[in-house]
Structures are given as structure tokens and as C-alpha cells.
Number of protein chains: 2
Amino acid sequence: MMIDKSSKILIVGLGLIGGSYAMALTKKGYMVFAITKEQDDIDYAIENGIICSGSTDVDIELVSGADIIVFALYPHIFVDWMEKYGKYISPGTLITDVTGVKGAVIDKVNALVPQGVEFIAAHPMAGKEVYGVKNADSSIFSDANFIVVPTRDNTPSAIEKCKELGEILGFRRISYLNPKQHDEMIAFLSQLTHCIAVSLMCANGDPNLVSYTGDSFRDLTRIANINEEMWSELFLLNKQALLYEMDCYRTCFDRLYNAINEDDEQTLKSMMRLSTARRKMFGKEKDKK
Amino acid sequence: MMIDKSSKILIVGLGLIGGSYAMALTKKGYMVFAITKEQDDIDYAIENGIICSGSTDVDIELVSGADIIVFALYPHIFVDWMEKYGKYISPGTLITDVTGVKGAVIDKVNALVPQGVEFIAAHPMAGKEVYGVKNADSSIFSDANFIVVPTRDNTPSAIEKCKELGEILGFRRISYLNPKQHDEMIAFLSQLTHCIAVSLMCANGDPNLVSYTGDSFRDLTRIANINEEMWSELFLLNKQALLYEMDCYRTCFDRLYNAINEDDEQTLKSMMRLSTARRKMFGKEKDKK
């Protein structure tokens with residue numbers, strides 16, 4: 001193990017993901033510290049054994065004493081933080097993040113990383129539709145993917161260490177993508193699905209609909225309960241890839257629309273067959289009923 | 001109770017829904033018979049205590065002896081059946097169905113119903129992504145909506161009896177809609193969601209995606225595993241209402257697309273806030289995590 005139990009791990013941003021990281025690492029016997037905005041969150045995390053200690057100030061000792069720092073912040077706050085406090089990070093420290101877009105973040109952060117410090121991006125593909133450390137739950141990682149997003153500048157040992165972090169956190173599967181691949185994948189699998197759910201909820205305001213809703217509508221719109229601050233930032237930071245995926249999807253939607261409009265049963269059926277065949281690849285383990 | 005235990009209930013079409021009706025009614029102590037295409041399905045249903053007896057022929061005695069007949073067939077097969085065999089249904093019999101569109105079915109069937117027989121449409125909003133009586137499962141009704149779809153021609157006693165059938169089957173909620181309301185509601189809540197899931201699956205064929213998929217994509221595409229014979233028929237039978245809902249949805253999707261394209265954060269956030277507020281109405285009882 002490259003990350004031994006004497007490692008001091010600092011979480012910056014004790015929200016749902018930062019808090020769940022802290023909880024998982026503490027359970028595994030690591031020393032976890034936190035810096036976050038609200039004293040209430042620090043108090044809660046200490047009382048509940050999620051962290052050893054923490055601070056609402058950017059405590060220079062905590063920052064310079066850390067072996068690993070995990071930034072669990074919105075992208076622009078992460079970049080601002082690095083601008084102001086990056087200089088306090090000690091040489092030899094590994095820093096990583098949890099942000100949902102990579103291309104737009106990695107270059108900015110790398111420009112702010114002090115000599116001897118290495119940044120390696122990672123994306124824990126896990127979450128809940130609730131926020132804050134009080135909802136922290138280390139079990140959300142056990143069925144999820146952890147993606148390490150190295151660039152050409154990352155060293156093999158940093159890549160290995162980041163992978164090990166994913167293992168310690170308990171992710172089911174760990175994989176590697178470069179920033180461009182990551183952002184294209186996330187545009188399709190995550191951002192486009194959120195665009196669809198939001199559009200669907202906006203399309204009809206009839207309050208009586210809830211009486212008739214079945215599982216399919218509920219499943220499709222679970223993610224329509226969305227944090228607008230975070231997601232609008234993520235969408236705009238990945239604009240090019242997202243617009244491309246939205247275009248591809250709309251082309252298919254329009255093809256289906258036209259097939260229905262023209263009573264073109266053959267096109268309808270062939271799209272449904274393709275859809276069924278592809279969906280089977282995604283397995284059943286998460287399906288209900 | 002208007003449906004007493006001496007009632008003979010005939011299910012025509014022993015698939016997933018017909019089989020689940022039979023199972024639920026038999027469990028409650030009713031005498032259930034079936035007519036279906038495959039002898040294998042009749043044998044399975046008898047051996048597993050799902051029905052008393054059944055036939056692959058249209059057994060005139062079974063048809064004329066039934067007090068209630070439930071048609072669990074594709075819409076066009078239901079209409080064909082009524083054309084050929086409707087005349088054997090005895091006066092006083094109540095007939096009902098389970099089809100997913102109503103306007104296009106009700107008029108055709110009413111024209112074929114013999115004197116003294118009453119047809120009242122119903123839509124059990126329950127299902128699974130598997131087929132056939134061998135997957136029958138009466139528990140699928142317990143968290144689902146049962147919609148009675150009367151017309152002006154239906155008598156109060158038939159409406160009451162159909163509601164009672166929904167209660168016996170164990171539906172969580174029973175409601176009433178006229179055919180037009182039903183078809184508009186189903187166009188939005190069910191058909192549009194299937195169109196979205198199919199379009200999304202058709203939009204990207206990268207087989208590597210499965211390694212990175214999170215819950216949101218799986219939830220959104222669960223229904224992309226779709227029976228193309230049934231759904232293409234349902235879509236085309238409800239064409240006008242479905243195209244209208246597809247238009248409304250596409251307008252919202254385009255608004256979101258343009259907001260992203262133009263870095264219009266205010267529009268993005270206001271759509272997300274609307275989406276979040278509306279989604280809250282749909283409750284949490286079915287949400288995971």
C-alpha cells in the first residue's frame with residue numbers, strides 16, 4: 001500500500017461527497033481532517049466520528065501537514081482556493097478532486113500547483129439527491145465507478161496512489177480515462193440525462209399528473225431534483241461535449257417523432273429493437289422488479 | 001361487494017398482465033378461467049394454481065358462462081377477437097380490458113358488443129420488463145394506479161364493479177379519467193418517457209460506456225428494453241396526443257440547449273429550479289437511496 005495508516009488526509013469541502021470520503025477513510029483507520037465553511041459541519045463530523053478534527057479557516061498547519069488533500073468543492077471554488085492557498089501545500093503532497101468535469105479544471109489547477117506537489121484528478125461516480133455532511137454515507141461508493149483521470153504530466157506513482165484511494169473508499173470498479181474521454185463520457189451518461197429529466201419536468205405543469213404516475217416516469221425524473229448552482233456550472237464547463245451529445249440525441253428523438261408522424265412502423269420497430277439490444281448490455285443488477 | 005366469490009372470471013390473453021390478474025384473483029378466492037394461444041401457458045397456469053382451467057380454443061362454454069371477461073390483448077387483437085367471437089358473450093356479462101390507449105379502442109369495441117353486455121375500459125398502470133404468464137406476479141399491483149375509463153354510455157353499476165375489480169386486484173390507488181384525459185395523460189407520463197429512453201439508447205453505440213454508467217443512466221433507460229410490437233401499436237394509436245407531448249418536451253429541451261449554447265446561466269438555473277420544485281410533488285416513496 002502506498003497510502004499507509006500514518007497518512008494524514010485532508011478533505012477540503014465537507015459536503016455530501018467530501019463527508020462520505022471522510023467517513024469511508026475514517027472507518028478504514030486513516031486520520032482524516034477537514035476544512036469547510038460551516039462550524040456546524042465540523043462539529044457534526046467530529047461528534048459523529050467522521051473526522052479527527054477540522055477548521056472553518058484555512059489552517060496553514062492542516063494544509064502543510066497533509067499527505068493527501070481531496071478537494072470536494074465546486075470547480076470554480078476549487079480554482080479560487082488554489083489561487084489563494086495553493087502555496088501552503090507542502091512538496092510531496094498528492095492532491096486530488098471529485099469534480100464532474102475535468103478538461104476545464106485540470107489545466108487551471110495545474111498552473112497553480114506549487115513545485116513538488118502533484119495533482120491527479122478523479123471522479124467518484126456516486127451521489128444522492130440530498131446534500132451536506134449530515135447525509136454522508138460511505139456505502140454510496142460500494143456499487144459505483146471511480147474514474148482516475150491522469151494527464152501526460154502525472155507520474156505512475158501518483159496514478160497508482162489515486163487508484164489505491166479509490167480502492168480504500170470501496171468503489172466497485174476503478175478505471176482510467178484521459179480528460180477528453182472523461183468529459184465526453186460524462187456529457188452523454190450524466191449531463192445529457194440531467195438535461196432530459198429537467199426538460200421533461202419543465203414540459204408539463206399539470207399537478208394532477210402525480211396521481212397517475214408509474215415507475216417509469218419516477219425513474220426518469222429522479223435526477224430532475226437538481227442543484228442548480230452545481231449543475232449549471234458543470235454544464236457550462238463542458239459545453240462543447242454536452243452540446244454535441246444533445247445534438248446526437250435530438251437527431252434520434254426527431255427520427256422517432258417523424259416515424260410516428262408518418263405511421264412508419266418499420267422505423268419505429270427498428271429503433272426499439274436497437275434500443276432493446278443496447279440496453280441489455282447495461283445489465284440488470286440495478287433494475288427494479 | 002358486487003363481484004361475489006361465485007363469479008366466474010375469464011381472462012383472455014394469459015401474458016404478464018393477464019397472468020398477474022389471474023394470480024391475484026385466484027389468491028383472493030375467485031374462480032378464474034383463461035383463453036390463450038399456447039397450451040404450454042395454460043398448463044403452466046393450471047399447475048401453478050393461477051387458473052382453474054383454460055383453453056387454447058375459443059371455448060364457447062367458457063365465453064358464454066363468464067360473469068366478467070378481462071381482455072389482456074394487444075389492441076388490434078382485442079378488436080379482432082370481438083369481431084369474431086363477441087356474439088358468444090352472454091347478456092349481463094361485464095367486459096373490461098387492460099390496454100394502454102383508450103380512445104382508439106373503446107369506440108371500436110363498443111360497436112361490437114352484443115345487446116345486454118357492457119364494456120368498461122380500465123388501465124392497470126403496472127408492468128415489468130419481462131413477458132408471459134411465467135413471469136406473472138400479483139405484487140406488481142400493490143404500488144400501482146388503476147384507472148377506470150368510463151364513457152357516457154357506461155352505467156353506474158358497471159363503473160362501480162370495475163372499481164371493485166381494481167380493489168380486489170390490490171391496486172394502491174383507483175381513479176377515473178375519460179378516454180381523452182386518459183390518452184393525454186398516458187402520452188406524457190408513459191409514451192413520451194419511452195420515446196425518450198429509446199432515443200437516448202439509439203444516440204450512442206459505444207460499448208465501453210457500460211463501464212462508467214451510474215444509476216441515473218440506468219434508471220433513465222430501464223424502459224429502453226421495450227416490446228416493439230406492443231409499443232409501436234400503442235404509439236400509433238395515440239399519435240395525436242403523443243406528438244403534442246413530444247413537441248412540448250422538445251421545446252423545453254431546445255430552450256435548455258440554447259441556454260447552454262449562449263452561456264445563459266439565468267435560464268439554466270430557472271429551468272432547474274422549476275424542475276426541482278415540480279419533481280418534489282412526485283414524492284420520494286419510490287426513490288432509491
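Which residue of β2(A) is the bridge partner of A:Ile11? The partner is A:Ala34. The model is predicted; local features need pLDDT of at least 70, side-chain atom pairs count only at pLDDT 80 or more, and totals for chains, interfaces and linings use all residues. Residues are numbered from 1 along each chain as its sequence is written, while chains are lettered from A and ligands numbered from 1 in the order in which they are written. Helices (H or I, at least four residues) and strands (E, at least two) are DSSP runs, numbered from the N terminus.

**Sheet of chain A**

- Chain A has an open sheet of eight strands in the order β3-β2-β1-β4-β5-β6-β7-β8, with mixed pairing. Two strands pair if DSSP finds at least two bridges between them.
- The edge strands are β3 (53-55) and β8 (173-176) of chain A, and each pairs on one side only.
- On average, neighbouring strands of this sheet are turned by 25° against each other, direction ignored. Axes are lines fitted to C-alpha atoms, for helices over the stretch in contact, and angles run from 0 to 180 degrees between N-to-C directions.
- β1(A) and strand β2 (residues 31-35) of chain A run parallel, joined by five bridges.
- β2(A) also pairs with β3(A) in the parallel sense, over three bridges. Here A:Phe33 stands opposite A:Ser53.
- Strand β1 (residues 8-12) of chain A is mostly covered, with four of its five residues buried. Buried stands for 20 or more other C-beta atoms within 10 Å of a residue's own, exposed for 12 or fewer, and partly exposed for in between; C-beta atoms are placed from the backbone.
- Helix α2 (residues 39-47) of chain A lies across β2 and β3 of chain A and runs at about 180° to β3(A).

**Sheet of chain B**

- Chain B has an open sheet of eight strands, ordered β3-β2-β1-β4-β5-β6-β7-β8, with mixed pairing.
- β3 (53-55) and β8 of chain B stand at the edges with a single partner strand each, so one side of each is left without a neighbour in the sheet.
- Neighbouring strands of this sheet are turned by 25° against each other on average, direction ignored.
- Strand β2 (residues 31-35) of chain B runs parallel to β3(B), and three bridges join them. B:Gly54 is the bridge partner of B:Ala34.
- Helix α2 (residues 39-47) of chain B lies across β2 and β3 of chain B, at about 175° to β3(B).

**Nonpolar core**

- The largest nonpolar core has 191 residues, of which A:Ile11, A:Ala22, B:Ile11 and B:Ala22 touch the most other members. Such a core is a set of buried Ala, Val, Leu, Ile, Met, Phe, Trp, Tyr and Cys residues joined through C-beta atoms within 7 Å.
- Not counting residues up to four places away in sequence, A:Ala22 touches A:Ile11, A:Leu14, A:Val32, A:Ala34, A:Ala45, A:Ile50 and A:Ile51.
- In soluble globular proteins, nonpolar side chains tend to be buried together.

**Domains of chain A**

- Chain A is divided into domain 1 (8-177) and domain 2 (182-287). The bounds come from an automatic or database domain assignment.
- The C-alpha centres of these two domains lie 31 Å apart.
- In domain 1 of chain A, 14 residues are in contact with 13 residues of domain 2 of chain A. Contact is counted if the C-beta atoms of two residues, placed from the backbone, lie within 7 Å.
- On the domain 1 side, α4 (75-85), α5 (103-110) and β7 (145-149) of chain A each supply at least two residues.
- That side has eight nonpolar, four polar and two charged residues. Ala, Val, Leu, Ile, Met, Phe, Trp, Tyr, Cys and Pro count as nonpolar, Asp, Glu, Lys and Arg as charged, and the others, Gly among them, as polar.

**Contact between the chains**

- Chain A and chain B each put 78 residues into the contact.
- Elements of chain B that each supply at least two residues include α7 (179-202), α9 (228-237) and α11 (265-281).
- The chain B side divides into 42 nonpolar, 17 polar and 19 charged residues.
- In helix α9 (residues 228-237) of chain A, A:Trp231, A:Ser232, A:Glu233, A:Leu234 and A:Phe235 are buried.
- The buried residues of α9(A) pack against α4, α7 (179-202) and α10 (239-261) of chain A, together with α10 and α11 of chain B.

- A:Glu167 lies in helix α6 (residues 156-169) of chain A. A:Glu167 is partly exposed, with 13 other C-beta atoms within 10 Å.
- B:Asp107 lies in helix α5 (residues 103-110) of chain B. B:Asp107 is exposed, with 11 other C-beta atoms within 10 Å.
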